Amino acid sequence: MADRTLPIDGSLDLTPPREGESTWLETLHSWVITVDHKKLGLMYMMLAIFFLLVGGGEVLFIRIQLAVPNNHFISPQVFNRLFTMHGTTMVFLVGMPLVFAWANYMIPLQIGARDMAFPRLNAFSFWLTAFGALFLYFSFLGGAGLYGVGNAPDVTWWAYAPLTARAFSPGNATDYWALALLVTGFGTLGGAINIIATALSMRCKGMTLMRMPLFTWLLVVDSGLLLITITPLTAAQVMLMLDRYLGSHFFDTQAGGQAYLWMHFFWIFGHPEVYVLVFPAFAISSEVIPVFSRKAIFGYPAMVAASVGIAFVSLGVWAHHMFTVGMTSAGNAFFALSTMLVGIPTGIKIFNWVATMWGGKIRFATPMLFCTAFLFQFLTAGLTGIMLSVAPWNWQLHGSYFVIAHFHYILVGAIVFNVFAGIYYWFPKATGRMMNETLGKWHFWLFFIGFHVTFDTMHFLGFEGMPRWIYTYPADRGWDHLNLVVSIGGLIQGVAVLIFAYNLISSLLKGTIAGNDPWDAWTLEWSTASPPPAYNFATDPVVHSRRPLWDVKHPEDPDWKYE
Amino acid sequence: MMLPEWLRVGRIAGFVFLLAMFLSSYAFAEGPQSTPSIFAPTSTPAIDIHHLSLFVLEITGAIFVVVASLLTYVIIRFRAGNAEDDREPAQIYGSNQVELAWTVIPVLIVVVLFLTTARVIFAIQDAPMPQAALEVTVIGHQFWWEYRYPKQGLVVANELHVPLSDAKQPTPTHLKLLSADADHSFWVPQLMGKIDLIPNHPNEMWINPLTSGLYVGQCAQFCGVQHANMLLRVYVDTPEQFAAWVNNQAKPGMQDPSVAEGRRVFETEACMNCHTVQGTAATGRFGPDLTHLMSRDTLASGEIPNTRDNLRQWIKSPDSFKPGALMPAMQLSDSQLDQVTTYLETLK
């Protein structure tokens, strides 16, 4: 079935010119100056995977330190820097680049376009992100400033005021943190504008908005959310820098500023940010689950509506991160309600995915294994989210290991699992070669086991009163065994990721040739060559339904009759 | 690929089993624990939260069982069997009735959860303070706790004493939460959930402890390098114990002529810039009040037992216990260290 040729109207099956003749330096140069959406997508992806390994390495030190009570493996100063950098890295240098990695590579292919709407803006956004990342990590060298204190930022990724004021954070580490996020933030804004413009104006003939693949839909909604939420973060960083260097007092509590104000600014960015990060995961599952269940997505309009609904509600829930800061009872009740409401569109999405699998013929190749595990984990994460929305219970759970478990169920159990699914699924398209399925299964099962050993256990540490951000804990608290288990699970995940990295490289060099459409899928990207040639399609494709390739493969029973 | 189903089922069963184990181990535990579990409450707001949490666990647990079973069924039932058979299954595009059903049911669940939650929020936050309530002002410092009892005129540090309350004649303790520097959070799980101490933003909470004993917890909002060792100790005393404690704390510092050299070191070196000993020239306010240092079980905000060796080592080098603590090493000679330690040991 992989070799069914797909002569969809106007698509071209070109083998790209091999770059074997050019020198190493020429190849590098062509990547640096490129404005091609596919190359930029891959560069975003490589940036994200690189920092995933860096951020994962940081947490390895954290878990060794916490494996036993009263440990002296690393100092409190180093520990505080490591978790600050771990959080900042994973959110801004892994999660955000991943949004643009997927969007850049996939959206033009899925909507039958030759490139993004603004290719130069695209390249500019990437390099802002990359140099912002470099800037943040340069703090390890330059953060001490003239004071000889500390190096990397150590104020948590929330950077709550007044800890970021110069009285509490001398040196330049906090400046690197604020400015790096300012720079990557501009990159993010450019990328978001580009995605929206591309999806609105570059769709091929016949592709109405309601025929756009769900993947593209989710990333468009995601970009809209980014435009709204990055703005307050950027504003807050500017205010912080004014406080630190030009004598303003927005957050400077010693001069009458309000720590409270930073919290609102941060979380009106920070909560929608969680959805920004998870939407690509939804997007990947919305492609992988139908293809491997051999069925059309169930309830496409409901899925679109639920996505927009989640984005909308997510803008009104930020203060559920602030149940413990002393809001009024009415304020707490309001944010408890708005947070619980998120559960409704989220539930709709889970049910629609399950209904898509219902009555299908499910093939458990590696991408589908990751997506199936994602459904269980996302269900659990949603339910622990409901627990956290219950404000009085939140007074107990907030800031504890229960919260860490909850959001890693999203960030790892939903996002990272789907990123792996997406890589196994689209690797053949991007490289022309299949990833090794046996190694994929090893990767999946080890990572799955490691994930649950670590993060299931963390919930109970939270119940037992262990707060986050602590570099050590007394031996008599009864937290030692569970912490050891958590650390062991972390190592198992580390081994799984190494298997993945090996698989990635070895498959790139000697994987079996994939062909145009190895998974027998239905969206436009599978109609062109693997890897797609420059400009993707020589002439604009024409589509008649949400699954153009289904129509081609099943002329006797095309989709457009039913939509 | 056959999905090892036993693994999935095992995971769910394991999760439920673990949960049951943890809940049961605390359901029968009474009184203060060295593990500050949120499932072993002994004070009114924590008990109310505990009841609410069990209700929420039941609802979310039921949702998990239903949806996870459905998902498991789908995985087993609709797994592709014969690889040769490449006919596609029937294509179903959606159903408005089904969509409506799985929208309305969650809406109803949200209504129930919200009403239950709101009732507890208002009951705890808007409870009037009884006449008999004890008032304490808690001030968070990097990295220790200051407690002021305005009506009793007491200032103490790191170990909070409150009276046992009686269900019939409650004597709850109302805490006013302030911060001297960064954000902190007061969290003693067995007594009450956490509330933050934020500069320029006074907060309040109350506890109504029904079992006496020592309760532990710690700062729950990152406040700087030694956040991890900003431990909390709350002693719930019987009314007699509490009265005796107040009585002792209200006295000025002990004046023992046999330790005059130590006192002179304390008052001439920099100690008195940061520490107070009532009845002497030492009136510093940056560090903990030491008037009744020896009445406390621990040093360094609960980190180490209050012994002579620890006290001497702490004065010599606070970093050896708490790297990054704001108290500087005082560079005293060995004999000065002995003298000042001996002096402090008289402050009962």
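Visitor: Where is R294(A) in chain A?
Guide: In this predicted model, R294(A) sits in the loop that runs between helix 7 and helix 8 of chain A.

Visitor: Is it buried or exposed there, R294(A)?
Guide: R294(A) counts as buried, because its relative accessibility is 5% and the buried class covers values under 20%.

Visitor: Which residues are joined with R294(A) in one network?
Guide: I will start with a pair inside chain A, K553(A) and D517(A), which form a salt bridge whose closest N and O atoms are 2.7 Å apart. That pair links distant parts of the chain, with K553(A) in helix 15 and D517(A) in the loop between helix 14 and helix 15, 36 residues apart. Both K553(A) and D517(A) are buried. Through shared partners, salt bridges then join R294(A), D517(A), D520(A), K553(A) and E88(B) into one network.

Visitor: OK, how much area do chain A and chain B bury between them?
Guide: They bury about 9000 Å² between them, and 70% of that is on carbon and sulfur atoms. On the side of chain A, the residues that lose the most area to chain B are F376(A), W395(A) and Q396(A), which together make up 9% of what that side buries.

Visitor: How many residues does the contact take from each chain?
Guide: The contact takes 110 residues from chain A and 98 residues from chain B. With both residues at pLDDT 80 or more, 31 residue pairs are in polar contact across the interface.

Visitor: Which helices of chain A supply at least two residues to that side?
Guide: Several do, including helix 3 (76-110), helix 7 (259-293), helix 10 (366-389) and helix 13 (437-463) of chain A. The largest share of the side that touches chain B, 16 residues, comes from helix 9 of chain A. By class, that side of chain A has 64 nonpolar, 31 polar and 15 charged residues.

Visitor: Switching to rings, how many aromatic pairs are there over all chains?
Guide: The count comes to 72 aromatic pairs over all chains. In one of them, the rings of F334(A) and F335(A) have their centres 5.0 Å apart and their planes at 90 degrees, so this pair is edge-to-face. F334(A) is partly exposed, with a relative accessible area of 48%, whereas F335(A) is buried, with a value of 9%.

Visitor: What about the rings of Y562(A) and Y93(B)?
Guide: Their centres are 5.4 Å apart and their planes are at 20 degrees, so the pair is stacked. Y562(A) lies in the segment after helix 15 of chain A and Y93(B) in the loop between helix 2 and helix 3 of chain B, so the pair joins two chains. Y562(A) is partly exposed, at 45% relative accessible area, while Y93(B) counts as buried at 19%.

Visitor: Back to salt bridges, how many over all chains?
Guide: The count is 17 salt bridges over all chains. One of them brings together the side chains of R244(A) and D175(A), at 2.5 Å from N to O. R244(A) lies in helix 6 and D175(A) in helix 5 of chain A, so the pair ties together parts that are 69 residues apart in sequence. R244(A) and D175(A) are both buried.

Visitor: And where in chain B are E135(B) and K151(B)?
Guide: E135(B) and K151(B) form a salt bridge, with their closest N and O atoms 2.9 Å apart. E135(B) is in strand 1 of chain B and K151(B) in the loop between strand 2 and strand 3, 16 residues apart. E135(B) counts as partly exposed at 30% relative accessibility, and K151(B) is exposed, with a relative accessible area of 63%.

Visitor: Last one, which residues does a cis peptide bond join in chain A?
Guide: A cis peptide bond joins S530(A) and P531(A), with omega about -10 degrees, and P531(A) is found in the loop between helix 14 and helix 15 of chain A. In chain B, the peptide bond from Q142(B) to F143(B) is also cis, with omega near 0 degrees, and F143(B) is placed in the loop between strand 1 and strand 2.

Methods: Residues numbered from 1 in each chain as written. Chains lettered and ligands numbered in written order. Heavy atoms only, no water. Contact = heavy atoms within 4.5 Å. Buried area = accessible area lost by both parts, 1.4 Å probe. Polar contact = N/O pair within 3.5 Å; in protein donor to acceptor, adjacent residues only side chain to side chain. Helix = DSSP H or I, 4+ residues; strand = E, 2+ residues; numbered from the N terminus. Nonpolar A, V, L, I, M, F, W, Y, C, P; charged D, E, K, R; others polar. Phe/Tyr/Trp six-rings, centres within 6.5 Å; stacked < 30°, edge-to-face > 60°. Buried < 20%, exposed > 50% of the residue type's maximum accessible area, 1.4 Å probe, protein only. Salt bridge = Lys/Arg side-chain N within 4 Å of Asp/Glu carboxyl O.
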